[in-house]
Amino acid sequence: MIVLQIDFKNSKKMQLTPHQIEAFHRDGYVIAKGFFTPQETAKLYATAIEDEAISQHSYNVVDQSGKKSKLALWFTPGDDIYGLMARSERMVNGVSALLGGTAPVCHFHSKLMQKEPKVGGAWEWHQDYGYWYKNQFLFPEQMLSVMVAFNDATIENGCLQVIKGSHKLGRVNHGFAGEQVGADAVMVENCLKSGMELVYVELKAGDALFFHSNLLHRSDANLSEKSRWSFISAYNLASNVPFNEKSTACITPISIVPDTALLTANLIGKGNTADFLSKDTDVTLQ
Ligand SMILES: O=C(O)CCC(=O)C(=O)O
């Protein structure tokens, strides 16, 4: 497997290289190593684990074996530390470069994934657009996700797995797999039978994984002793107007903040006034 990665720790300007952009289009994903510094990642994680608004608004998603994955999801990026990360120049420029820069980048939602030791459940094979189709976005090519690891993500603690190149299938059918939305198992099996590569995306804290909205991905339960927390921001271009989504964040151009804001900001935790998603009203789960 060819791994195209750039170490931002040794690079002045944090931006994706032409090679990384090419890898994203070919494979459906690309890893930007050290996209956030150890100091930034430590501040983010320390804030997240103490954040009462996050814990109050987190909910569990139960997997097929009964294990629970906790997450909190909100729409408007805000001025808190998570908003400063999602709105940072490096994130927005990276997304714009991958989505082709034809319209302003908007923030669909961010979520804090909390996969606790021994408890955190598995996620079924799915494409993010398998969920977002239900929001009636028309153009999957104008959407993507960025996962930033707050802890090292390893095979043992249930890192993401992807089927390389599967974004080229287009959207496959999705149904329900317990509380989750799951991709047509026959199509997934056929991808693997055809020789498409299943890749375990192990990340170091601070690494970012940019992935296409139609990339098939899943993860195992966290059976290890170590937490696996990660932050996932989903982006959309302003030109992709959904027909079944109440929040307008996804069509509101992001007000970009400098990369330095993460370390200089004083306002850090998420307030209770944020527009958190409640599981009961999530149209993607209906
Ligand atoms: O964090 C994980 O293990 C999986 C998350 C995921 O697949 C998603 O949010 O789409």
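I note first that two strands pair if DSSP finds at least two bridges between them, and that strands (E, at least two residues) and helices (H or I, at least four) are DSSP runs, numbered from the N terminus.

The model is a predicted one, in which local features need pLDDT of at least 70 and side-chain atom pairs count only at pLDDT 80 or more, while totals for chains, interfaces and linings use all residues. Residues are numbered from 1 along each chain as its sequence is written.

**Entry 1**

I then traced the whole sheet, which is open, has seven strands in the order S1-S11-S6-S13-S4-S3-S2, and shows antiparallel pairing. Strand S1 (29-32) and strand S2 (59-62) stand at the edges with a single partner strand each, so one side of each has no neighbour in the sheet. Direction ignored, neighbouring strands here are turned by 25° against each other on average.

**Entry 2**

S2 is joined to strand S3 (residues 68-74) by four bridges, and the two run antiparallel, with Val 62 standing opposite Lys 68 in S3. I also noted that S2 and S3 form a hairpin with five residues between them, and that Gly 66 in the turn has a positive phi of about 95°. S3 in turn runs antiparallel to S4, to which five bridges join it, and here Lys 70 stands opposite Gln 114 in S4.

**Entry 1: strand S13**

Is S13 buried or exposed? I found that 10 of the 10 residues of S13 are buried, so this strand is largely enclosed by the rest of the structure. For this I used the rule that a residue is buried if 20 or more other C-beta atoms lie within 10 Å of its own, exposed if 12 or fewer, and partly exposed in between, with C-beta atoms placed from the backbone. Arg 228, Ser 230, Ile 232, Ala 234 and Asn 236 point one way from S13, whereas Trp 229, Phe 231, Ser 233, Tyr 235 and Leu 237 point the other way.

On one partner, S4, I counted 10 bridges to S13 in an antiparallel arrangement, and Gln 114 stands opposite Trp 229. Seven bridges join S13 to S6, again antiparallel, and Ser 145 stands opposite Ala 234.

**Entry 2: the surroundings of the ligand**

Which residues surround the ligand? They are Met 113, Trp 123, Asp 128, Gly 158, Leu 160, His 217, Ser 219, Ser 230 and Ile 232, a residue being near when its C-beta atom, placed from the backbone, lies within 6 Å. Strand S12 (217-219) and S13 are the elements that give two or more residues to this shell.

**Entry 3: the four-stranded sheet**

A second look-up gave an open sheet of four strands, in the order S5-S12-S7-S10 and with antiparallel pairing. S5 and S10 are at its edges with a single partner strand each, so one side of each is left without a neighbour in the sheet. S5 and S12 pair in the antiparallel sense over two bridges, and the bridge partner of Trp 123 in S12 is Ser 219.

Lys 118, in the loop between S4 and strand S5 (123-126), has a positive phi of about 65° although it is not a glycine, and it is exposed, with 11 other C-beta atoms within 10 Å. Gln 136, in the loop between helix H6 (128-132) and S6, is likewise not a glycine and has a positive phi of about 60°; Gln 136 is exposed, with 12 other C-beta atoms within 10 Å. Gly 195 lies in the loop between helix H7 (185-193) and strand S10 (198-201), and Gly 195 counts as exposed with 6 C-beta neighbours inside 10 Å.

Conventions: Axes are lines fitted to C-alpha atoms, for helices over the stretch in contact, and angles run from 0 to 180 degrees between N-to-C directions.
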